[in-house]
Amino acid sequence: QVQLVESGGGSVQAGGSLRLSCAAPRSFISATCMGWFRQAPGKEREGVASIYTSGAYYADSVKGRFTISQDIAKSTLSLQMNSLKPEETDMYYCAVRTSGGQCGWLRPSDFGIWGQGTQVTVSS
C-alpha cells in the first residue's frame, strides 16, 4: 500500500524554484510530525524541513529560501524551494516521524515512513 507519494521534482537552473508535493493520508498531515529530507549518491540523508503542531523547522542551509507547509484539505505536504543551488541536486523524500526525539531535530532515524522520492537537479 502506497502511503507517501512525492511529486514536483525536475531540472532547474541555479537560482530557480521548484515546489515539491507529498500526497499522504490525512491523518499523517494533521496529526504527525512530517518532514522533507534529501540525499545525494554517496552521502548521508539529511533533514531539510519539518512541520508539526509546534511549528515549522528548517535546516540552517535552507532558512529563508525554503518553506514547508500543509494542506489538510488536499491531504498534501509541500516544500517550496527558492534560489536553488547546484549542490542541492538530490533525491528529495517526504517522511513521517515514528519514533525518537523532537520533530525539529530533523533526524532521519526518527522517521520511519518514507516515500519513494522525487529527483531535483539544479544546473549551474
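Okay, hi everyone. Some housekeeping: residues are numbered from 1 along each chain as its sequence is written, and side-chain values use heavy atoms, with hydrogens and water left out. Since the model is predicted, local features need pLDDT of at least 70 and side-chain atom pairs count only at pLDDT 80 or more, while totals for chains, interfaces and linings use all residues.

Let's start with the whole thing. The protein has 1 helix and 11 strands; helices (H or I, at least four residues) and strands (E, at least two) are DSSP runs, numbered from the N terminus. In order from the N terminus, that's β-β-β-α-β-β-β-β-β-β-β-β. The radius of gyration is 13 Å, close to the 14 Å from the globule rule for 124 residues, so the protein is as compact as a globular protein of that length. That radius is taken over C-alpha atoms, and the rule is 2.2 Å times the number of residues to the power 0.38. Of the 124 residues, 41% are buried, where buried means under 20% relative accessible area, exposed over 50%, and partly exposed in between (1.4 Å probe, protein chains only).

And how far apart in sequence are the residues that touch? If you take contacts (heavy atoms within 4.5 Å) between residues at least 6 apart in sequence, 59% join residues at least 24 apart.

Now find strand S11, residues 118-123.

Two strands pair if DSSP finds at least two bridges between them. Strand S2, residues 10-13, runs parallel to S11 and is joined to it by 4 bridges, with Gly-10 opposite Val-120. Strand S9, residues 90-97, pairs with S11 in the antiparallel sense over 3 bridges, and there Tyr-92 has Thr-118 as its bridge partner.

Last stop: Asp-71, in strand S7, residues 66-71. Asp-71 is partly exposed, at 27% relative accessible area. Leaving out residues up to four places away in sequence, Asp-71 touches Ile-29 and Thr-76. Its side chain also reaches the backbone nitrogen of Ala-73 at 3.3 Å. And try this on your screen: Asp-71 and Arg-26 are 45 residues apart in sequence, and their C-alpha atoms are 9.3 Å apart in space.

That's me done, thanks!

Technical notes: Polar contact = N/O pair within 3.5 Å; in protein donor to acceptor, adjacent residues only side chain to side chain.
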